[in-house]
Each structure stands twice: as C-alpha cells, then as structure tokens.
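Subject: Structure handover

Hello,

Here is the structure I promised to pass on. Please open it alongside this note; my findings follow below.

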Amino acid sequence: MQYDNGGELLVAHLESLGIDTVFGIVSVHNLPLVEAVDRHLRFVPVRHEATAVNAADGHGRARGSIGCALTSTGTGAGNAAGSLIEALSAGTAVLHVTGQVESQYLGSGRGFIHETKDQLGMLSAVSTYAATVTSARDAGRVLREASAAALATPGGPASVEWPIDLQYAAQEDAGEAVPFGSGEAPSPDAAELAAAQALLAKSRRPLIWAGGGARHARPELAALLEATGAGLLSSNSGRGSVPEDHPLVIGNFATNPAVRALLADADVLVTIGTHFRSNETADYNLKLPDAHIQIDADAAALGRVYPARHALHAEAAAVLPALTGTAARADADWSARVTAVRDEVRAALHDDIGPQAALCDTLAAALPRGAVVARDVTIPSSSWGNRLLPIHDPRANVFPRGGGIGQGLGMGIGAALARPDEPTVVIAGDGGLAVHFGELLTVAQERPRLTLIVFNDGGYGVLRNMQDKYGERRSGVDLFTPDFGPLAAACALPYARIAAPDEAAPVLEAALASDGPTLVEVDLTALGPMKNPFTPPVKIPTA
C-alpha cells in the first residue's frame, strides 16, 4: 500500500483498529499526523500531553478496546510519561505516537529543538513496547507491532516515536500481518487443573476473588458463581465482572472484618487475574485460605504475593468452564451468610460516610445501568466510589489504578466521547482537579455529556486527615481553592452547587439529564463531615 505521508498511513491503521477519536496536542513535530487524523477522524486537542494519554486510556476502557494519543517529542513525550505509567500499571491498551526530531539529527545531542536525551529509553521504561520508526517502509509494521503489544496479555501502553521527516515522506507499507497477542494462549498444567477441579468439587464454603483479568471472562465467571453459590470478592479492577447487584457479589471489601471472617472460614478460594495490590490486602497482611486456586494469564503473577496450592497459567475464559463443570454447590447456609455479609458491609459503609450517602444513592438511582463513573483519587472515590457505588459493567469502571491524582478528568473526557449517548460522571477533588485545570477548556470546547462533580474541601483532604490523626501540624495540605461558580462561567460551563444532602438528588438528576457538560461543586464544609474521617490503608511508623 502507498500513502502520501505518515498521517495517511496512521489513519488507515487506526481505522483498522476501530479507533475514531484521537487525543493530543499539535506540534511542529507531529503536524502531518494531527492534520490527517483531523481530516478523517476526530482529533481532540487537549491542553496537556498527560491528559492526551489519560483520555485515550479512558476512551479505550469505556469501549473495551484500545485508545490513541498523539504527542510531540522531548518535553511533550516527557509530559505523557506519568500517564503512560498509569496505563502500564493498569495493563490498559493505549497506542501512544510521539514525534521525534529529523532522523539525520537523531541522537546527535546537538540541542535540536524539542530533542531530548534517549527519548526511546524513557518511553521503554514506561511502556510495554517502545520503538522508533526508522524508514518510510517500516512505519506500518511498527504501528502494527505496537498495537499488538498493547492488546496482548497483560498488555499496556505502546509508544512509537516517529521522526518528522519520515512523517512527511511518502509511505510504502508491505502490510505484513502481525499477530495480536503473544503467541499461543497459555495452557494450564493438566495435573494442576485436575487437582483444582477435585478441590473445588469437595468445597462447601467457596469464595472467588475477581481481579482485572476477570473482565474478559464475564459469562464464564457468572456461570461458576451460579454453579457454586460462592461469594464473589473483587479487587477494584475486577468490579463489574459480575453486576454488583447480584446477591452473591460482596465486592471490593476484602479487608473488612466481616469479610476477613469469611476468608478465615472458607474451604477454598479461587482468584482470577488479580495481583493483590497492597492497598487491597492491608499491605499483604490479609490472610487468605491455604486452599488457594490462582488463575492468571501472566505467569509471573502466579504465587508472587500469596502461595497458590494450584497455579493455573491460563486465560480465565478458557479455564473457568473446566472448573464449573465439576464444581459442587456450596452449603445453603454458606451462601446465605455471603449475602448477609454483602448487605452488612454495604450498610456499614453507607452509614459511615454520613451526608455523602445522599450523593452515592442519587448516582446509583439516576445513572443508566453500565454508565461510566470515572473516579479520580480523592476521598469520595476511595471511601465509597470504589466500593459502594454499584458497578455493573467493567467498562464503566474507570479510575487510576496506579493511584496518581489528577487523572480522572482526562479519563472521563475520553470515556464520555466514547459513549456520547449516555451520561458520564467524573468524581474529583479540588486538589486533584487543580493538577489539570486546563482540561476544563477541553470540556468547554468538546461539550461531552459529562457531569464533573468536584468535592471541595480546600486541599488534599486525605493527607490532611492523616496529619491530623498522626501528627502535630499540617504540611502542604491546605490549598487555595477557586470560586468554582465564576470559574465555570469563564469556561462557559453550566454550574451547580450541593451544600446539603437534600440538594443532591435535584442537582445531580438535572445535570445527568443534560445533553452537555455540567460542573457540580460539592461544598464539603457546608455538607458536613463523614462519621469517621477517611485515611488511606498505609502504614505510619509513628502511629
């Protein structure tokens, strides 16, 4: 195939992936790419390269596929690095295409504009794949290899740096196929699988733990849950693999005392594609049953955190039916206890968050089933957004798995543009939102159907709570916060404020019914505190 320039080749490749929207910032070192995308697809000019990657990430998550971000070279590529780390941590598919200086000057170190030392090395450190386009004949192959790596298991972001002279050049693409995935699908050891089947067949008190790997095995997981009557725990990444209104879904509550008691009494635990993150296992102090069947497509994850009696290296969708076919039904009183614990932990958290429960209840009732709730790292997200607010589809579960603040709005923009016919919600704090205030202008320009809920407590509330609990003074946590009403007006965004629980329903219902964006400020001082101030599950040596 022949293409007039690299931009036309990129568009053809993106169309082959089903990508119709690309996020980025135009530059002298990516101009042919941006212009071609803008001619044929939708180019969304965000205000920071980090947001380009976050938005592409959110767009891909909401579609259950891959997203694309375009950035410039040097500082622009460096700005994207933090968000590439997020996609790498989450294993989400992002194709990141960045410019590079003219190929004849590449690596010369002479200070060519936008040049940086070893850009490819930097990208390799924060991507699952990174490569340089070295000629107008290999760009197509590099793009296909990058996309295949991003979509493989465990996947992640793939970065391609493209010298500007080779972007302008006519492209000759041989079109050779690159297999998606990493070769043959993993297959569990036959003896291990048989032993796992025998263990599950004897079980009468089973539990299942769904991680991010369960997102691609939803029917198979649901079948196992129905066949066994087990309780289903989840990591944050596994939420929605089975809709969370199912009576056997306990959810993301593994460290709750009532759930710890269930784990202590369970006679088998089946874990699916979860990496047991520190914040979800009380820094690995959570005790799991010795009878542990671990399923993971990433061989390195097997037994890495907790011992596995039976380690099954396999895609969950391939191996779960074999377990379901021989599984026994749990004791009736066990399944009843699971449902009772499910109700207990939710009721306790609902009570604990005090007046914020009104917002959680309204969102749960007013949002269409499966609508995206993008959650930045902030107290409402960490306390109830990641647990109590129900998730019924893993594609709706958009949040920074790596824990970095400020990424939620970009992810929400990407998700909202992926699903233009339904409302998208972003939950953010005033501190996290300030990291990328400029993206309010992107929202104003693109007009997605997005409700941005800003919980305003005048700073970094979670760190403030930690310092108040464990220290004698505050440091760096009390921040100047803008008047969000005039700020929204300056950005031509509708604005509303919630200062009391009874205001939550009318304000949020109106915002969600709108066909465009709304900024909703939650005045936490006026609303009132939670019953117990939220602090993160991290160790404080002086505590």
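What percentage of the 543 residues in the chain is buried? The share is 57%. Bear in mind that this is a predicted model.

Overall build first. The chain contains 21 helices and 20 strands. Its radius of gyration is 24 Å, which agrees with the value near 24 Å that a compact globule of 543 residues would have. Along the principal axes, the C-alpha atoms fill a box of roughly 70 × 60 × 45 Å. Take the contacts in the chain with a separation of 6 or more: 76% of them are between residues 24 or more positions apart.

Next, the surface and the charges. The chain carries 40 positive and 59 negative charges.

Now to strand S18, residues 450–456. Seven of its seven residues are buried. Both faces are covered. One side has Leu450, Leu452, Val454 and Asn456. The other has Thr451, Ile453 and Phe455.

S18 also has strand partners. Strand S17 (residues 424–429) runs parallel to S18, and six bridges join them. Here threonine 424 has leucine 450 of S18 as its bridge partner. Strand S20 (residues 518–523) is also parallel to S18, again joined by six bridges. In that pairing, threonine 451 is bridged to threonine 518 of S20.

Best regards

Conventions. Residues numbered from 1 in each chain as written. Predicted model: local features only at pLDDT ≥ 70, side-chain atom pairs only at ≥ 80, totals over all residues. Heavy atoms only, no water. Buried < 20%, exposed > 50% of the residue type's maximum accessible area, 1.4 Å probe, protein only. Helix = DSSP H or I, 4+ residues; strand = E, 2+ residues; numbered from the N terminus. Pairing = 2+ DSSP bridges. Rg over C-alpha atoms; globule rule 2.2 N^0.38 Å. Contact = heavy atoms within 4.5 Å. Lys, Arg positive; Asp, Glu negative; His and termini not counted. Charge placed at Lys NZ, Arg CZ, Asp CG, Glu CD.
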